[in-house]
Each structure stands twice: as C-alpha cells, then as structure tokens.
Amino acid sequence: MEQLKHECGVAMIRLLKPLEYYEEKYGTWMYGLNKLYLLMEKQHNRGQEGAGLACVKLEANPGEEYMFRERALGSGAITEIFGTVQSNFKDLTKEQLHDAGYAKRVLPFAGEVYMGHLRYSTTGKSGLSYVHPFLRRNNWRAKNLALCGNFNLTNVDEIFARITAIGQHPRKYADTYIMLEQVGHRLDREVERLFNLAEAEGLTGMGITHYIEDHIDLANVLRTSSKEWDGGYVMCGLTGSGETFAVRDPWGIRPAFWYQDDEIAVLASERPVIQTALNVSADRIRELQPGQALLINKAGKLRTVQINKPREVKPCSFERIYFSRGSDMDIYKERKLLGEKLVPNILKAIDKDIDHTVFSFIPNTAEVAFYGMLQGLDDYLNEEKVRQIAALGHNPSHDELERILSRRIRSEKVAIKDIKLRTFIAEGNSRNDLAAHVYDITYGSLVPGTDNLVIIDDSIVRGTTLKQSIIGILDRLGPKKIVIVSSSPQVRYPDYYGIDMAKMSEFIAFKAAIELLKEREMRDVIESAYRKSKEQVSLPKEQMVNYVKEIYAPFTDEEISAKMVELLTPKGTKAQVQIVYQPLEGLHEACPRHRGNWYFSGDYPTPGGVKLLNMAFINYIEQVYQF
Ligand SMILES: O=P(O)(O)OC[C@H]1O[C@H](OP(=O)(O)OP(=O)(O)O)[C@H](O)[C@@H]1O
Ligand SMILES: NC(=O)CC[C@H](N)C(=O)O
C-alpha cells in the first residue's frame, strides 16, 4: 500500500540586535540557532522525512560566505543538521566561542537570519536534493534565495508549462524548484529594476549594491510570483542580503503564526511552539492572515502586507483534528469538544449500558478527544444519577445514595503504542508490518464476554490501522462489542493541499461505497459519474464539478460505516464491531474557525482541487475498477 504523507513545518527567526547583545544577555551568540533548534524539534511531528536549515549573515565582506545551508534525510535529521553546524565550533577555544565579533567575522552559521524546515514530501520526490530549503545562487548578494515551504499546489504542471514557455529552464521537475525559479526570477527582475534606478541616480560600485539592498520590495516579488498559485501554502524565504518573508495562501489552508519583540521576530507553523520556545503567552502571537505576507527587511523592519486578496477562507480542519500538536490551547479545546459531541451516538451504540462498558482511546493523537468524550459521559451519568435519586421518591438512605453515586465511567488504558512512530506516515513497504505490531493491549482491562469496549481514534483513512492491528488485538480481550469511534467524519475524498492522498482506491470509505453500489446492482451510478467526469476533462478547471459525490449520495453515513466494518473486520473476530463517526456538523461546531473540510465533504476550496479529483476518479475507474 502506498504511503500516506502529510504536512511540513516551517520556522523562521530574525535577530533584531547584533550578536554581541545575545552573548551578553543570554551567554551565547548562538541564541538564534538554539531557538531555531527548539522551534524545529517542537514541530518534528510535521515532518520526519528530512530537515534543513539556512542562515544569512548580514553585512559580510566581499569574498566571505554569507549564506549557509545544511540538510539531512530521515527521522534523525534535526539532530544531524544541528550536529553538523555545531561541529564547526568544536575546536574553538572558550574565548573564541564566546567572542560574538569573531563568530560574526569568521564562523559559518553565525548570522542574524535563520530558517528551518521539516519535510514530508507531497508532490516533490524523496531524496536529499528535494529536502528544503532550496538555494538559488547568484553573484549579486540580493539575488540569492533560500526557499522552503509547507505547501502543495494543484497546478504545478500549468506553471511549469508557462515558465518554460517564456524560456526558463528549471533544473528539476519538482514543485519547490518551480516555486524557487518563479520567486527567483521575480527577485532578479526586482534587483535589475533597482540597478537601473541606482545607475540613473549616478551611483556606482558598492553604492549600487547598497541602494539595491536598501530598496528591495519583496511584496512586489511575491505578488507577481504567487498570482497563479492554486493550492495551500506557507512559503518562506531568505535572500542573501537578509530580506525575510513568509506568505500564506489566500484560502488560509496552511497555517502560520508569528511573534515579534525588540530582540527577535519569529514565525512557525504552530502557535504553541513559539509560546514554549520564547516563553510568551498566546495573546502575543499573531496568525498570518490568508493572502498575507510577513516581510522583514535587511534593516530588521517588520511589516505585514496583503499580497493576494483573501478568497473564501477554508483553513484545513485536519490540522485541528490530527496534524498540529494538541498543546495549542484552542486545538486542545476543539479536540475535547469533538470527543464530547460523539457521546449521544456512543450511548446509542452501547444501548446506554454504561456499567458494562470500558472506554479508551487509540494512542496518541486521539487522547485529547478521549478526555472530551469522558467529560460528556460524566455529564450524562450525573444526569442519570440525579434521575435515579429523584425516582426514589423519598429522601435516599445512605446505602441508596452510595449505590447510585458509586456508578462510574470506566476508563482504562487499553491500547498501547509501543513504537513512537506515526503509522499513518511511516515508510511505504514497512508500513503494513509496522502497523500490525505498533499497538499492544493491556491484558485484563475488561471482563471478557460481559463488557463492551468503546475506543476513540481521530481518523480512519485507509483503515489499515484498524484492520491490521487494532480490531484483532482488541478482540483478544474478549469484549462483547467493540465500538470504534472516529472524532473526524468519514474521509471520502483526496487532499491536494499538503496531505498526499491522491488515489481514490486508498480510502476505506470509498471502497465501502463502491462495494455497496455493486452489491445493490447500482453500477450505473458509477458509470454515470465516470462518464460525466470524463466529459468535463477539457473544460476550464473553474467550471468542473465534483461528480464523485454521486458515488456516496445513495447511502447514509451509517450504511457506509456498516460496510466499512465488514471490510475491516479480520476473519475470526468474535466481538461485534461498529464504527461511530463524527457528523460534519459536529466537526464544524467543534472547530468553527477551520471550515476546510474537502476530504470529508468533497467541497474543494480551489478549482485545482476539483480538477485533480476528477483525474483521480477517472484513473481509478480506468486502472482499478472492474466493469
Ligand atoms: O486508517 P489509517 O490509514 O490506518 O490511518 C489512520 C490512523 O493514522 C493515524 O495514526 P498515527 O499512526 O499517525 O498515530 P498518532 O495518533 O500517534 O499520531 C490516526 O490517528 C489513525 O489511527
Ligand atoms: N508537505 C509539504 O508541505 C511538502 C512540500 C513540497 N510540496 C514537497 O513535496 O517538498
């Protein structure tokens, strides 16, 4: 089975004082480097395929290196890159190590501007040369560019065709290279525009260089290069002359947060990492707005600029459900609410038999939703107790009270995740085997043959985790019934904005719907959706319609869940199995500000999404489906 990958993380730091300041105040000029390490480590959940960092030293003399980069592959990449950077300092004397002036003059990575990236590849390929930041070198300092991003565009092919038509020649067919070429090309134009102005003003030599570096307008560069980007992105960059930028997509799909005080300006993909790394409260951190860029110029002046007009804002709800760390105060509340909202359906699934049900979660991400679910169950039980007491019709005796009040929600740690690896994102071939062995159970945590087991997870995508591991091992405990609860709705459609799940055939919900259509002699629904999809291939993407919705339309969520259970329950399972899903309304009530739900609803935020879905469905029918 093909690997599902997702996300990337970005981190940027601009030191606003000279290195001496940090040496004096914090005992090290490596303050920025160390903070970058923290910001990256705390976002390692966002990318374990590779990591890289770039650094720019302001005001280096000609002949001295001013732009540095280090990259590595694998889950240990963060340690490796920082280890390599630190190895440059290992032979220094104590005096040299604490001499900020010496560091600034002589040492690599002793700069004021830093940028870090954590990667899971999406459109880009795997391998070290695809690990960000990407570099574009030039003899003019201001034309040098380091670029990294948390992004996925739906129209890389169109952009590639257009830029090659105007004579450009990207060295690789990879999305980040193409972005690098586009931004780099515009940066070149900007530098040339300023060169002409400087010359017209009679400047020469370094006078021209300084003029250019003092007047670069990155807003211009970003505006002209991002015009046609259709997708989710937070693109970050540094130029050789120390300009820093981060720009967010106009739909607000991918997230970014920033903070500034008089010492430092910082940007990261997730808010709590800034809170922790810099010890600041959430109210001092701002979110980069849809279509907005954060720009810091060579002199350290920070501003936000609207680069593209905000579109219908659809921030990715999967960030809230699963990707981002649950330590964000809002995400924590939202995840709890997701769990709480499921309580009525859970009670239905266990016939309200609270006394014979054990509640638990599938580690790790679902833990927070589990606490919310427990809270909801507690509330339900308290109401029950009040009803029971009232039903007595007299002042309860001590024994009566004790009997009623001793009823509890039975929460246990049932499933254990032994390997600290997200099975959702582990390496391709090894994933299946890994998924089967990654979880374990607590033996004796429920009464066999008597108790139900309700276990919450945050998402069911391909169902591999359930099929290959969870249902089988839970069944060993002998529960009467296993109720799997998903805190997110059914994942029905591919994502093209950062989560690389492009094949329809991967989704268990899709497989279930196709099975149901076949079983009920409704193949004509499939054929008609295919025909309509095929007919619109040459239409402009803005006019395309999501016909895959027709595959799901004849069925209720419950019918699809029931079919999924059939497909996912391993042979020989003794317990009855049921899957309870979060309805779409539940998701929106819990995460009201993150309305991006295309993977659940099929409502894509950009026309490019519908176009790619159309292709994915056609490919599925032509390559996988048996007529
Ligand atoms: O249906 P599937 O395709 O198997 O994917 C869904 C599973 O993947 C994720 O877990 P992950 O292994 O990433 O663990 P985590 O909760 O610890 O992040 C998620 O929490 C589900 O358990
Ligand atoms: N997950 C991401 O944001 C990946 C960035 C980029 N699309 C790549 O594949 O390298």
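Predicted model: local features only at pLDDT ≥ 70, side-chain atom pairs only at ≥ 80, totals over all residues.
I begin with the domains. The assignment divides the protein chain into domain 1, covering 9-156 + 232-313, and domain 2, covering 319-624. Taken over C-alpha atoms, their centres lie 37 Å apart. Domain 1 contributes 19 residues to the contact, and domain 2 contributes 23 residues.

How much area do domain 1 and domain 2 bury between them? The value is about 2,000 Å², with 51% of it on carbon and sulfur atoms.

I now come to the polar side of this interface. Between domain 1 and domain 2 there are 11 residue pairs in polar contact, both residues being at pLDDT 80 or more. On the side of domain 1 that touches domain 2, six residues are nonpolar, seven are polar and six are charged. Five salt bridges are found across the interface of the two domains. I would also point out the salt bridge between R46 and E319, whose closest N and O atoms are 2.9 Å apart.

Finally, the cysteines. The search of the whole structure returns zero disulfides. For C236, the nearest cysteine sulfur belongs to C148, at 4.8 Å. C236 is buried, its relative accessible area being 0%. C8 is likewise buried, with a relative accessible area of 5%.

Note on methods: Residues numbered from 1 in each chain as written. Chains lettered and ligands numbered in written order. Heavy atoms only, no water. Disulfide = S-S within 2.5 Å. Buried < 20%, exposed > 50% of the residue type's maximum accessible area, 1.4 Å probe, protein only. Domains from an automatic or database assignment. Contact = heavy atoms within 4.5 Å. Buried area = accessible area lost by both parts, 1.4 Å probe. Salt bridge = Lys/Arg side-chain N within 4 Å of Asp/Glu carboxyl O. Polar contact = N/O pair within 3.5 Å; in protein donor to acceptor, adjacent residues only side chain to side chain. Nonpolar A, V, L, I, M, F, W, Y, C, P; charged D, E, K, R; others polar.
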